Amino acid sequence: MLKIIAPDRVFYEAAVSAVEFNTTEGEIGILPGHMPTTVIVKPGKLVIDEEGQEKEAALHAGFAEILPERVTIMAEIVEWPHEIDTERAEAAKRRAEERLQNKTPETDLARAETALQRAIARIAVVK
């Protein structure tokens with residue numbers, strides 16, 4: 001069972017074969033029976049496998065509780081492809097890349113890197 005909760009809605013809830021997403025420790029793939037753990041979500045593509053049928057979404061931040069019988073993701077932001085404005089994501093990517101190239105004392109590198117990761121995740125899910 002996979003449940004994804006965002007601040008404004010229950011984004012997804014159903015039985016799944018597997019789920020994959022990025023964490024601060026790297027990409028993780030979870031199958032039923034996974035050992036219990038908690039992870040911090042990093043921006044990237046979320047892949048949900050429903051008995052061989054894959055669904056993709058952009059998952060931006062949050063944390064996940066993984067138990068043998070269920071995974072619960074508390075997401076700051078999560079979007080289906082049809083919810084993403086591609087032009088806006090491309091513009092955000094360009095802005096983040098510019099901020100990273102023009103490293104001034106005022107540049108918040110961590111924020112720029114996160115903005116870039118979010119834009120890349122959105123673009124990857126749409127394409």
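1. Basis of the note. The model is predicted, and local features require pLDDT of at least 70, side-chain atom pairs count only at pLDDT 80 or more, and totals for chains, interfaces and linings use all residues. Residues are numbered from 1 along each chain as its sequence is written, and side-chain values use heavy atoms, with hydrogens and water left out.

2. Secondary structure. The protein chain contains two helices and eight strands; helices (H or I, at least four residues) and strands (E, at least two) are DSSP runs, numbered from the N terminus. Their order along the sequence is β-β-β-β-β-β-β-β-α-α.

3. Overall dimensions. The protein chain has a radius of gyration of 15 Å, close to the 14 Å that the globule rule gives for 127 residues, so it is as compact as a globular protein of that length. The radius is taken over C-alpha atoms, and the rule is 2.2 Å times the number of residues to the power 0.38. Along the principal axes, the C-alpha atoms of the protein chain fill a box of roughly 50 × 30 × 25 Å.

4. Burial and contact range. Of the 127 residues in the protein chain, 37% are buried (buried means under 20% relative accessible area, exposed over 50%, partly exposed in between, with a 1.4 Å probe and protein chains only). Among contacts between residues at least 6 apart in sequence, 52% join residues at least 24 apart, where contact means heavy atoms within 4.5 Å.

5. Helix pair geometry. The axes of helix 1 (residues 86-101) and helix 2 (residues 109-126) come within 8 Å and cross at roughly 150 degrees. These axes are lines fitted to C-alpha atoms, for helices over the stretch in contact, with angles running from 0 to 180 degrees between N-to-C directions. Helix 1 and helix 2 are therefore roughly antiparallel to each other, the term applying to angles over 145 degrees.

6. Helix pair contact. Helix 1 contributes residues including Ala89, Ala92, Ala96 and Leu100, and among their partners in helix 2 are Leu109, Ala112, Leu116, Ile120 and Ile123. The residues of this contact divide into twelve nonpolar, one polar and seven charged. Here Ala, Val, Leu, Ile, Met, Phe, Trp, Tyr, Cys and Pro count as nonpolar, Asp, Glu, Lys and Arg as charged, and the others, Gly among them, as polar.

7. Glu51. Glu51 has a phi near 50 degrees, a positive value in a residue other than glycine. Most residues other than glycine have a negative phi. Glu51 lies in the loop between strand 6 (44-50) and strand 7 (53-67) and, at 71% relative accessibility, counts as exposed.

8. Met1. Met1 is in the segment before strand 1 (2-6) and is partly exposed, at 47% relative accessibility. Beyond its neighbours within four places in sequence, Met1 is in contact with Glu13, Ala14, Ala15, Glu69, Arg70 and Val71. The C-alpha atoms of Met1 and Pro68 are 9.5 Å apart, although 67 residues separate them along the chain.

9. His34. His34 is in the loop between strand 4 (26-30) and strand 5 (37-41), and its 21% relative accessibility makes it partly exposed. Not counting residues up to four places away in sequence, His34 touches Ile28, Gly29, Ile66, Leu67 and Pro68. His34 and Leu109, 75 residues apart along the chain, have C-alpha atoms separated by 35 Å.

10. Glu98. Glu98 is in helix 1 and counts as partly exposed at 47% relative accessibility. Glu98 and Arg122 are 24 residues apart in sequence and 18 Å apart in space, C-alpha to C-alpha.

Conventions. Parallel < 35°, antiparallel > 145°, perpendicular 65-115°, else oblique.
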